[in-house]
Each structure stands twice: as C-alpha cells, then as structure tokens.
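Open the model in your viewer and keep the selection tool at hand. The stops below tell you what to pick next and what you will find there.

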Amino acid sequence: MNRFSLARAYAVFIKEFQQMLRDRMTFAMAILMPVIQMVLFGYAINTDPKDLPMVVVAAEQGPLQRSLVAALQNTDYFRVVASGVAESEGDAMLARGDAQFMLVFPPHFERDVRRGLRPVLYMAVDATDPMAAANAMASLEQVGRQTLAAELRGPGQAVAPVPSRLDLRVHKRYNPEGLSRLNIVPGLIGTILTMTMVMLTSMAMTRERERGTMENLLATPVRPLEVMVGKIVPYVVIGYVQLAVILAAAWGLFNVPLLGSFNLLMVMIGVFIVANLAVGFTFSTLARNQLQAMQMTFFFFLPSMLLSGFMFPFRGMPEWAQWLGEAMPLTHFLRIVRGIMLKGTGMAEAWPDLWPLLTFMAVVGVLALKRYRQTLD
C-alpha cells in the first residue's frame, strides 16, 4: 500500500492537467508571455537608435551646409524635422522633446570655412537619455571632417588642413556629464508606481471575492462609482507615501535635480497614480482569484517597462513598437517627469503628454465601472 503507484500518479497528473486547462486565463498567460517576450526583445529592443530628430538653425543655405546636413542624414542617425528656424525655436523643440539635436550654423559659415577661419559649428543635444544619443554624437565629428574633405577637394584646398577648418562644439543639455542615474531615477518613479498600484488594487477586490466579503459589500446601497472611489483613494495615499521615499532617495542619494515646479510634479504624479489604479480595478473585475490578478499585473507591467523608454531608448524601437508604447501611460509619464525634473518644463510642455494620460484614465475608468456593474448583475 505504501509503494509508489504509477497509476495513482498518472490519475493525479490527469486531474491537474484538466484543472489547468479549465483555468483559461492562467493557461493563456503561460503561452502568451514567452511569445511577447521573444517579440519585444527580438524586434522592439534596440540599443542603437537611428532616425533621431534634428533641427537645423542656419541664417544662410550654402553648398557646404547642405552637404553636411545631407551627410549627417545619410548616417541614418539623424533626421531633419525642421530647418531654417530661429535658435529660440530650436531651444523650445529640445525642451518639448520634439528634437534630440539642434545643429547651429554661424553666419557666413561657408565663407569662413573656405578662408580657413575655423568657424564654430554648434550642436546641442538632449542628453536626458545618454544612451540614446551616444552613437550619433560619436559619428558627428568624423562625418563633418569627411564632408569638408570631399567638398573642398580642388585647387584651393591647400589653404589649410581640412580637419582644422571646423571647430565642432557639442553641448549636452539637461545632463552635461551624461550620468545615467539622472535618466533612470526619475523613470523609477513611474515603474515602481505602475507595478505597485496596479497590483495592490487588482488584488484588493479579488481578495474580497475569495474571502466572501464581497457579498456584504454588494448587499449595501453603495454604487459602483462610490465603490471605485472608495477603493482607489486609500491607494492614492499609499502611492504618495511611496513617492516620498523615492524622491528622498533621488535627492539625498543620487542628487537628481528638480528644475521645474514641485506642485506641477505632484499633480502629474497624482494623475498617473489614478490611471494605474483604474487599470488595477479593471483587472480585479476580470480576475477570479489573486493569482490571476497577479498574472494580469505582470502582463501589463512588462510591456509598459520595455516599450516606454525606461530601459531602452524609445526612438530606437521600430515604428510599430513606438505605436504600442504610445498607448501605455508610463511612456507619457516618463516624458513628463523627466521634463519637469531635468528640463524645468511647465504645463505647456507637459500638455502633449498629459492629455493622452487623461484619456487613458477616462477610458479605463469607464471600462472598470461597466465591468463592475456586470459583476453586480
């Protein structure tokens, strides 16, 4: 009787396998998660971003300038999004994130080059993400030297050595030393809040359902919106407590600056917290138990972390991956929080990323209420 029975073990195996197949949510997660990871890491992740937006500031358009800009674009690292604009407009585009580079040609650039006067060619770089622009900046000086060598080849090129005819100066804005912590630590605010807020809210509702206390709640005259608000508000407080710990570490340990408005930062973080809590509430109406709620949380968190620009440069991903990333609230929040903390941006610069965040929050909130009403029925 105490001997191992292969027949009994096989019976338990059949029972467990059938039970696993009945849990369609868990089975689907087990199949889809490896597929998603393979696709994201194989196709979407790229540490050498190309096609980075550049704005060109030039008072005049000569052959040397056009050749130099064309040569930069031929490297596939640079893509001109605006040309011939004022330097103040270029500065604004860098602050908004519409451009990663600003190339400034001084007046009489072509005349000075041909006379061997070494004019200053100025390149301003948005260095909030040092890894995104590293390879592009490395190719800049070589491209400039080769382009001038090709353009000035002829009887007059012996006036001066070609490499000395250009004084290239690169200014890394918002992160002059290229410190990775200035990019990572603000991003940690979004990633930590995403994981914890979604997980805590989704598990809170499913825990009540498992313990049988949901019936008591449904027996009360509390309406779905009131339940949702009552469930979310305590976790908003928890989110701000987490935020206080993260900011204390950011300022005390990593010396991350806060160049923008502290009040604006708190408001933006509040919107982001509520958006993630709405996601968690929606998951709680879909999950049958806490295990499924946990699985849904990671199913949402993993693509958010990989496609938002937190771990890898956003512009280095293919276009389809960027479209997916734009649908994630973390993507827009990272731009907002890095802009406020590192660039000192205000509401006007944050609005292009704030309205998608508000739209996401409204859509997910309506979906959560609709699902909750179905649970009541």
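**Stop 1: a loop with a positive phi**

Select Arg-118, in the loop between helix H5 (109-114) and strand E4 (120-126). This is a predicted model, so treat each stop as a reading of predicted coordinates. Check the backbone first. Phi of Arg-118 is near 55 degrees, which is positive although the residue is not glycine. Most residues other than glycine have a negative phi. Is Arg-118 buried, exposed or partly exposed? Its relative accessibility is 39%, so Arg-118 counts as partly exposed.

**Stop 2**

Go to Asn-255, in the loop between helix H9 (224-252) and H10. Phi of Asn-255 is near 55 degrees, again a positive value in a non-glycine residue. Asn-255 counts as exposed because its relative accessibility is 55%, and the cut-off for exposed is over 50%.

**Stop 3: confidence**

Colour the chain by pLDDT. The average is 82, and 89% of the residues score at least 70. Which helix has the lowest mean pLDDT among the elements, and which the highest? Helix H8 (residues 214-219) has the lowest, at 68. Helix H13 (residues 329-343) has the highest, at 93.

Now select residues 155-163. Here pLDDT stays under 50. For this stretch the model has 12 contacts beyond four places in sequence. Where pLDDT is low, the predicted coordinates should not be read in detail.

**Stop 4**

Pick Leu-179, in the loop between strand E5 (167-173) and H7. At 23% relative accessibility, Leu-179 counts as partly exposed. Leu-179 and Ala-127 are 9.0 Å apart in space and 52 residues apart in sequence.

**Stop 5: H7 against H10**

Show helix H7 (residues 181-211) with helix H10 (residues 262-286). At what angle do H7 and H10 pack? The angle is about 35 degrees, and the axes are 7 Å apart. The crossing of H7 and H10 is right-handed.

Display the side chains at the contact. On H7, the residues in contact include Ile-189, Leu-193, Met-197, Val-198, Met-205 and Arg-209. On H10, they include Ile-269, Phe-272, Asn-276, Leu-277, Gly-280 and Phe-283. By class, the contact of H7 with H10 has 12 nonpolar, 9 polar and 1 charged residues.

**Stop 6**

The whole structure holds 5 aromatic pairs. In one of them, the ring centres of Phe-283 and Phe-300 are 6.1 Å apart, with the planes at 75 degrees. The pair is edge-to-face because that angle is over the 60-degree cut-off.

**Stop 7: next to the ring**

Last, select Thr-282, also in helix H10. Its relative accessible area is 5%, so Thr-282 is buried, the cut-off being under 20%. What does Thr-282 contact, leaving aside neighbours within four places in sequence? Show Val-364, Leu-367 and Ala-368: Thr-282 is in contact with these residues.

Definitions and conventions. Residues are numbered from 1 along each chain as its sequence is written. This is a predicted model: local features need pLDDT of at least 70, side-chain atom pairs count only at pLDDT 80 or more; totals for chains, interfaces and linings use all residues. Side-chain values use heavy atoms; hydrogens and water are left out. Axes are lines fitted to C-alpha atoms, for helices over the stretch in contact, and angles run from 0 to 180 degrees between N-to-C directions. Helices (H or I, at least four residues) and strands (E, at least two) are DSSP runs, numbered from the N terminus. A crossing is left-handed if the near helix is turned anticlockwise from the far one by less than a right angle, and right-handed if clockwise. Contact means heavy atoms within 4.5 Å. Ala, Val, Leu, Ile, Met, Phe, Trp, Tyr, Cys and Pro count as nonpolar, Asp, Glu, Lys and Arg as charged, and the others, Gly among them, as polar. pLDDT is the predictor's confidence in each residue, from 0 to 100. Rings of Phe, Tyr and Trp (its six-membered ring) pair if their centres lie within 6.5 Å; planes under 30 degrees apart count as stacked, over 60 as edge-to-face and the rest as tilted. Buried means under 20% relative accessible area, exposed over 50%, partly exposed in between (1.4 Å probe, protein chains only).
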